[in-house]
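This report examines a protein model in running text.

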2 protein chains.
Amino acid sequence: MIKVAVDAMGGDNAPGEIIKGAVDAVSRRNDIQVLLTGRKEVLEAELNKFSYPREQIQIVPASEVIETGEPPVNAIRKKKDSSIVVGMNLVKNGQADAFVSAGSSGAILVGGQVIVGRIKGVERPPFGALIPTEKGVSLLLDSGANVDARPSHLLQFARMGSIYMEHVVGIPHPRVGIVNVGVEEEKGNALVKETFPLLKECSDINFTGSIEAREIPHGGADVIVCEAFTGNVILKLYEGTASTLMHIVKKGMMSSLRSKIGALLVKPALKETLKSFDATQYGGAPLLGLKGLVVKTHGSAKAVEVSNSIIQCVTFKEQKINEKIQESLKTEKQDL
Amino acid sequence: MIKVAVDAMGGDNAPGEIIKGAVDAVSRRNDIQVLLTGRKEVLEAELNKFSYPREQIQIVPASEVIETGEPPVNAIRKKKDSSIVVGMNLVKNGQADAFVSAGSSGAILVGGQVIVGRIKGVERPPFGALIPTEKGVSLLLDSGANVDARPSHLLQFARMGSIYMEHVVGIPHPRVGIVNVGVEEEKGNALVKETFPLLKECSDINFTGSIEAREIPHGGADVIVCEAFTGNVILKLYEGTASTLMHIVKKGMMSSLRSKIGALLVKPALKETLKSFDATQYGGAPLLGLKGLVVKTHGSAKAVEVSNSIIQCVTFKEQKINEKIQESLKTEKQDL
């Protein structure tokens, strides 16, 4: 039995979509158990709408909720009975293998580090965002955990990201690229120039060199390594540009009677193609390098993303990702 | 007479589209003169295809061409008779007010600094890229000139960008935003945290605070200030995501007979709407803070972008932008 704690109170669509996602996950796998954290009465009422194997979903009461705007450090310290803190304590105490939340990124980040705790040797646990590309999906890390990183941090991101993409997403020998402003080796800022030769010497990753931002949507690398400020800019611009363009395309299609008729004919095919440009099938953003797994889904996550995130945790545990990360830290020591 | 030197040999579509653009520009304004730099015979043969007021276009011979891949510092030093070096010398010697090129960004940047030279007091001339948004256009700077900037550089970007957007593009009191990973004041990396209070104290700009990357396509600020590594990532990702998405949309539309018929009906309206999401009407990317103006167009620029870039130089000169920049440097001194 793999046990996944799920924050039933976090995100824009809680608890409805979260619980629907949990029910869906247990219908897909009978060897998992979901522990929902949140207000007991609320969750019970919601769960009663579904039929599911009772022994696979359990409620762990948590009376408080951390809101998105709250200063994270304070929130984690003060709201001991919040759905996030209770869920993370389940991982810490070994009662759950992983924790999934659509709640406050800041609180998840802080809680992950201070409650769940880092694997010994991991300097900075990065957020790895799974972003859609023309070829499938890439892992962008650090996508927002710790700004102003050092070269040694980026090296660990590359190693942990490679392990994740190979064993959780299933891409053999994932190509690792470092975000840069050109592909020539003399290009870059101080951080990239210092990190580049270290990555080149890494024996256990498939480093393919610099990747320019324009190659990211084309799937130019499977693991995209960068400092968190850059990573967060990439992630947010990616989402913003995609939504703006789709908005413009829709506006264009609705602008005349002729185009409206055309839109009706185009819609099913377009929907099908755009579905391929969507990473939610791979689950949420893993916070890597912790004792246990913490996954952040979009704040707007619907049931399907929640369900996929739970399954993602199961694969993470089955593939012994943390054991593999520990192994790679040993290689790191030998390399130095 | 305003004189604009134009590199007739730079970019993917030289000399054909460059010359077509020059001819178009002189047909729009009779108070300008274009000085084309490049191989005399080639340019003459090309010019003979058009009829235009002869006195408005002049060829200034240059026998060499700097290729995109060449190391810029070396190229500028060695290729004294290249279309870029000859064009920049025209600006330096006061024979031209501005220089437009679709050639090597690196060479344009180096040449701008060492041949044309900086305005006294300008620390680092930034590339300002004009990027399309839902609301019109924003100026992103520094979009790639000098990585690892200091707070004082960003302050100058904000000032010069404001002057440009107000007087060349025509946006009164342009909103200045600094790229950040959140809108709360405690967010950011070391550079942003240090720069933020300085921008807040600037009396001559309309600073509106942090802008998250996802707000850029929505037109969240008119002047978007950031360090060049981040700026270059934004610019390239923006272009890459837009082209990838349009490719996916087209693929979807062509995937069945039904959708193909729909695409025919949708096409004219879609084309019209997408035209609004295009910044080439505003010209190329100005390299700001030089004695004279240097404008870099896309390497793939067609005649319309070249023509608009020439007109952009005219406005720049007419609006006395460099005089205004010098004035603002005095304000800067008073502020310190």
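The loop between S6 and H6 of chain B contains B:Asp148. In this predicted model, B:Asp148 takes a positive phi of about 55 degrees, although it is not a glycine.

In chain A, a cis peptide bond joins A:Leu141 and A:Asp142, with omega at about 5 degrees. A:Asp142 is found in the loop between strand S6 (136-141) and helix H6 (151-169) of chain A.

Elsewhere in chain B, B:Lys320 has a positive phi without being a glycine. The loop that holds B:Lys320 runs between helix H10 (303-318) and helix H11 (321-335) of chain B. With a relative accessible area of 49%, B:Lys320 is partly exposed. The table below collects the backbone angles.

| Site | Angle | Value |
|---|---|---|
| B:Asp148 | phi | about 55 degrees |
| B:Lys320 | phi | about 50 degrees |
| A:Leu141 to A:Asp142 | omega | about 5 degrees |

**The interior**

How many of the 10 residues of helix H4 (residues 83-92) of chain B are buried? Eight of them are, so helix H4 of chain B is largely enclosed by the rest of the structure. Among these buried residues are B:Ile84, B:Val85, B:Val86, B:Met88, B:Leu90 and B:Val91; B:Ser83 and B:Gly87 also belong to the buried set.

In soluble globular proteins, nonpolar side chains tend to be buried together. In this model, the largest nonpolar core has 183 residues. Within that core, A:Leu36 and B:Leu36 have the most contacts. Leaving aside residues up to four places away in sequence, A:Leu36 touches a set of residues that includes A:Val6, A:Ala8, A:Ile19 and A:Ala22. Further partners of A:Leu36 include A:Leu43, A:Leu47, A:Ile57 and A:Gln58.

**The interface between the chains**

In chain B, 54 residues are in contact with 54 residues of chain A. The two chains bury about 4700 Å² between them, and carbon and sulfur atoms give 75% of this area. On the side of chain B, the residues that lose the most area to chain A are B:Phe229, B:Lys236 and B:Leu237, which together make up 15% of what that side buries.

Which residue forms a salt bridge with B:Lys236? The partner is A:Glu212, and the closest N and O atoms of this pair are 2.2 Å apart. The count of salt bridges between chain B and chain A is two. Across the interface, 12 residue pairs are in polar contact.

Strand S7 (175-180), helix H7 (190-201), helix H8 (228-253) and helix H9 (257-275) of chain B each give two or more residues to the side that touches chain A. The largest share of that side comes from H8(B), with 22 residues. By class, the side of chain B that touches chain A has 29 nonpolar, 17 polar and eight charged residues.

Technical notes:
Residues numbered from 1 in each chain as written. Chains lettered and ligands numbered in written order. Predicted model: local features only at pLDDT ≥ 70, side-chain atom pairs only at ≥ 80, totals over all residues. Heavy atoms only, no water. Buried < 20%, exposed > 50% of the residue type's maximum accessible area, 1.4 Å probe, protein only. Helix = DSSP H or I, 4+ residues; strand = E, 2+ residues; numbered from the N terminus. Core = buried A, V, L, I, M, F, W, Y, C linked by side-chain atoms within 4.5 Å. Contact = heavy atoms within 4.5 Å. Buried area = accessible area lost by both parts, 1.4 Å probe. Salt bridge = Lys/Arg side-chain N within 4 Å of Asp/Glu carboxyl O. Polar contact = N/O pair within 3.5 Å; in protein donor to acceptor, adjacent residues only side chain to side chain. Nonpolar A, V, L, I, M, F, W, Y, C, P; charged D, E, K, R; others polar.
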